[in-house]
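Biologist: I'd like to go through this model with you and hear what stands behind the words you use for it. Can we take them one at a time?

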Amino acid sequence: MNKRENRMGEKRYVKTILFNAKADSFFVNLHPFTKFAIFLFLSIAVIIAMTKPYPDLLFSFFIMIAVVYFLIESRTIKYLVKSYLVLIIIALFVLLIWWLVFNQVGVHVIISFSIFGAVLKITKESLYIGLAKVFGYGAMALLTLLILMTTRDIEIVNALNQLGISFKKTFFISLIFRSLNIMAEDLESIRHAQFARGGKTNKKNPFLKAKEFLALSVPITALMIKRAVEMGQALEARGFSKAGKLSQPVVKKNIGLLDYSFLTISILLLYISITMNITQVLGGVQWLNLL
Amino acid sequence: MAEPVIEIRNLYWKYPNISEKSTLFKIENLNLKIFRNEFFGITGATGSGKSTICQIIAGLIPHQIKLPEDKLTEYFRGEVYVLGELVSALEKKENSYMIIGKGSMAPEVGLVMQDPESQFLTMSALSEITLGLQIIGLPKEEIMRRVKESLSIVGLDDLYPILDKLHPSELSGGQKQRLIIASFIAMRPKILILDEPTSDLDSAGKIEIIEAIANLKKIGDITVILVEHDPEILKRFTDRVAVLSEGNIIAIDSPENIFSNKDLRKYVEVSELESIIESDEDFLKKIDADAARSFKPKRNEINLGEVAIEVKDLFYEYPDGALALNGIDMNIKKGEFVALIGQNGSGKSTFSKVISGYLTGWKGMVKILGEDISNKRIRERIPAIVGYVFQNPDHQIFNRRVDSEIEYGLWNIGIKEEEIKKRVDETLARVGLLRKRDEDPLFLSRGEKRRLALASVIAMKPQILIVDEPTTGQDYRMSKEIMEILMEMNREGSTIIVITHDMRLVAEYCRRVIVMKRGKIIFDGKPENLFENEELLKESSLIAPREVQLSKKLKETGIMQDLLLSAREWLEFLKFENEKKRYVLLTFEAMKKHSKNLSREIISKAGKPDAIVYIERGGMVIGRLMSDYLGVKDLYGIKASYYTEDGIPSTHVSVGEISINIPINNYILLVDDIADTGKTIEAVMEKLKKITQNIKVCTIAYKPHSSIKPDFYSYIVDNDTWVVFEYEEQETRRSFEKRNNEIGLKFIEEKFGR
């Protein structure tokens, strides 16, 4: 039996916004509010660390490693490697090159060359700051993916209910998630059908490309209308439009010890990023002979 | 009987349409009463109005549909009462009308529709069941109690502990549909409507739903309306069945009476076998064991060509880590007609995506017509070689005109303009859509869309054609039409791969079956070998069709050597059987005498007909004789036969064209020599009804098992008697010689000499 199958006692994985995650992993069990707070605190912390006069490279690196650990722990790392790693590496590499080319700072030149008469130099300072940004943005990107890959869409809806937003409004959000889910499946079939009829959206000629996309819109629109009608009927068959005061969802995730622990650590990390530069404290900057 | 919980009076309904064209009523003068705690079935052809009635009872129609206020009576008339409350009616106020009534009858009435995907509204299994209960406003404890109870009724108790962690995409179609049923049961409805709940499901899903319905019957105090095509399901569960045709109820009766009524056969989905067999047990007893042992069904074992598809060690893993294909090895040869079967998630779709060149990232070797499709350039050429027809035609309609839809694929693969025009005309004619070429495909009926989808692919003349679920959501007649087109393509040399859950289709058309389970092939062979393997059937949650089950009984008792797979083979067998029974001769002189007597009876009872139509060739002699005796000069011949060109009985009667140039004021007399099965006469009558409804049938002989009883006939012949007409001596002799019918030949020799 497939280890991800959903029979009793075998529900080891849960379906999340992106892919699946291990059901008993730390991040899967955190409350969505906690994850949002962690995301907020750590992003601010990383931005602070990156924007210091001498960015805190080790802090960003530490955050990135921590995020990678939780990706491994939640068994989501393989999806990241398969689907996003190449993209992230390319993006970060472009970011580094961009930084090195357009930010000619520092005096400790490592290498210099000229392009069309313009002299470009890479200094220890610019390389250091560039790497700190790469780690910083890398950490933020991975953290975002970690949260998406360990959060279920229903949790977001339930969390919004806990905030006091009415069930009818949160249900509307839930319906959007569900519609997107169905649409993604329909789109996959439509693209296959288009391919089977010799249509390709990757044509080089922009006119033909536009024509193919236009053709794609016919079945998508028709199906969206059909699905919307059917979902409306299904909703009405349950008496939604006549509903009075609705009961609250039966599943309510409470903020527990695990959430408090993670929140405390996040706040602590934010505090550290504000009050000190770990790289400097550990002698990293001096070691690089930058001061 | 108990009090009615549903009462529909003089109901008319039609859907508003976008175009200005006037449309017919979808429901016309419908009157219906359904009683408390009744298990009521509704059946009828696709598009007959079954789902519309369900939505009317649930109060969704007309309340949820925007109608032009000044023309309400053109769309809706009549009254609908459910549980004693007025649900929908029209009320006149001054000069205008308005729709009154309660509208949606939730939670007292629950409605489960065909497609579980669109009905699953939330992102977890738990919230799906609790949604309706939250709408009612029940407290948490009561909600959880009802969730547990309803899950138990639909047989999903094992999911309860993990319910809140289950995402819709983690559930199979059957599980989703059962959860939807559970979500309505939890609301404790007094009426539950199940609108074709099994139509989109695989065999396993169907079994799950059937078991859930069986449990519903046990809980009592609930009225259930079940819309279904399958006679077996209706016979098993329902107390009464209504047969719908073009928005009208044409019969309401017990399921046994409905499915044994010969007059209703064209409206309900009854296998051809039903027209021969009343009860399995009685029928089996009547079989002549000696004859059965020597019978060998004729099957098209064609000489296969070179390898069309070659697959070795094929593996594919989805991004979420699920192994969809786990080491597939197979060869499919040119000209094969293969069924690819297996439960949802078995890997069928993934496999077909690979061989159609769409999916990349697999490991292993795949060659199409000898070319390795791991090469991107070759893969891009695949659409011109491998056609793919999707289960849902809405997924593959890319244009706003029927003819443009056919042209689309042809342009893409680089066919020249002149050739495109030719192929569009040819293909539209082939699928019967020539007259609709200017119309918008989005507004075609479901059956027409399905044919258009098929046409748009076959116009590309693919050497290999993959068809995904050709029969889903369609009645038997419509499915047969599509299968006949595929058979024709196969005869022309195309390799056909059908992905299906329909075992009747597998048995009747496919000479090779590949069963997949969890990404592996667990069976690859002939359908008869699959159906004989009980263990495998159980493992794959497959059910052999009734035709096969019946012949299995014969084989188990040692009476028969080979399994009979389809109604066609049964007909062939029974014909073989009949050849061993009694024979009578009807001389030309006797024919003249009978015709003379019949013409007297006709004149006295019905008057002189305006025209005589005879069925070629058997009816030609009596046609001419009747023309003389009745003094009717307008005599027309019509071709009709349910035999194929090689003399094998077909399940489908093909009728030729006829044009009658005189006005019909009285009636047309349709004549044939014998009403044997009655199918040919029935098919010709359908054709003639396009000219006039006033048709009278006259035959010399009539067999009681005929589906049509002629208005005039001369004498009754036993069902197992072969009537040899004198003027057909040579033809009958040749037929007996061809079939080695020794008893028949002996009879001919006795009567006519060598």
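Biologist: Let's start with A:F262: what makes it count as buried or exposed?

Modeller: First, a word on the source: this is a predicted model, where local features need pLDDT of at least 70, side-chain atom pairs count only at pLDDT 80 or more, and totals for chains, interfaces and linings use all residues. Residues are numbered from 1 along each chain as its sequence is written, while chains are lettered from A and ligands numbered from 1 in the order in which they are written. Now the rule: a residue is buried if 20 or more other C-beta atoms lie within 10 Å of its own, exposed if 12 or fewer, and partly exposed in between, with C-beta atoms placed from the backbone. A:F262 has 20 C-beta neighbours inside 10 Å, so it counts as buried.

Biologist: Where is A:F262 found, and which residues does it touch?

Modeller: A:F262 is found in helix 10 of chain A. Helices (H or I, at least four residues) and strands (E, at least two) are DSSP runs, numbered from the N terminus. Leaving aside residues up to four places away in sequence, A:F262 touches A:L30, A:T34 and A:I38. Touching here means that the C-beta atoms, placed from the backbone, lie within 7 Å.

Biologist: Why are helix 2 and helix 10 of chain A called roughly parallel?

Modeller: Helix 2 (residues 32–51) and helix 10 (residues 257–275) of chain A pack at an angle of about 15 degrees, their axes 8 Å apart. Axes are lines fitted to C-alpha atoms, for helices over the stretch in contact, and angles run from 0 to 180 degrees between N-to-C directions. Angles under 35 degrees count as roughly parallel, over 145 as roughly antiparallel, 65 to 115 as roughly perpendicular and the rest as oblique. Helix 2 and helix 10 of chain A are therefore roughly parallel.

Biologist: What sort of residues make that contact, by class?

Modeller: The contact of helix 2 with helix 10 of chain A has 14 nonpolar, three polar and one charged residues. Ala, Val, Leu, Ile, Met, Phe, Trp, Tyr, Cys and Pro count as nonpolar, Asp, Glu, Lys and Arg as charged, and the others, Gly among them, as polar. Among those taking part are A:T34, A:I38 and A:F41 in helix 2 and A:F262 and A:L263 in helix 10.

Biologist: Over to chain B, then. Why are helix 14 and helix 15 of chain B oblique to each other?

Modeller: Helix 14 (residues 402–412) and helix 15 (residues 417–430) of chain B pack at about 130 degrees, with axes 10 Å apart. By that angle rule, helix 14 and helix 15 of chain B are therefore oblique to each other. Their contact is made by residues including B:L410 and B:W411 of helix 14 and B:V424 and B:L428 of helix 15. It divides into six nonpolar, one polar and three charged residues.

Biologist: How do you know that strand 14 of chain B is largely enclosed?

Modeller: Five of the five residues of strand 14 (residues 337–341) of chain B are buried, so the strand is largely enclosed by the rest of the structure. B:F337, B:A339 and B:I341 lie on one side and B:V338 and B:L340 on the other, and both faces are covered.

Biologist: Which strands does strand 14 of chain B pair with?

Modeller: Two strands pair if DSSP finds at least two bridges between them. Strand 14 of chain B is joined by four bridges to strand 19 (residues 495–499) of chain B, running parallel, and B:F337 stands opposite B:I496 there. Strand 14 of chain B also pairs with strand 20 of chain B in the parallel sense over four bridges, where B:I341 has B:V515 as its bridge partner.

Biologist: What makes strand 7 and strand 11 of chain B edge strands?

Modeller: Six strands of chain B form an open sheet in the order 7-8-9-3-10-11, with mixed pairing. Strand 7 (109–112) and strand 11 (248–253) of chain B each have a single partner strand, so one side of each is left without a neighbour in the sheet.

Biologist: And how many residues does each chain bring to the contact of chain A with chain B?

Modeller: Chain A brings 63 residues and chain B 65. Helix 8 of chain A gives the most to its chain's side, with 15 residues.

Note on methods:
Two residues are in contact if their C-beta atoms, placed from the backbone, lie within 7 Å.
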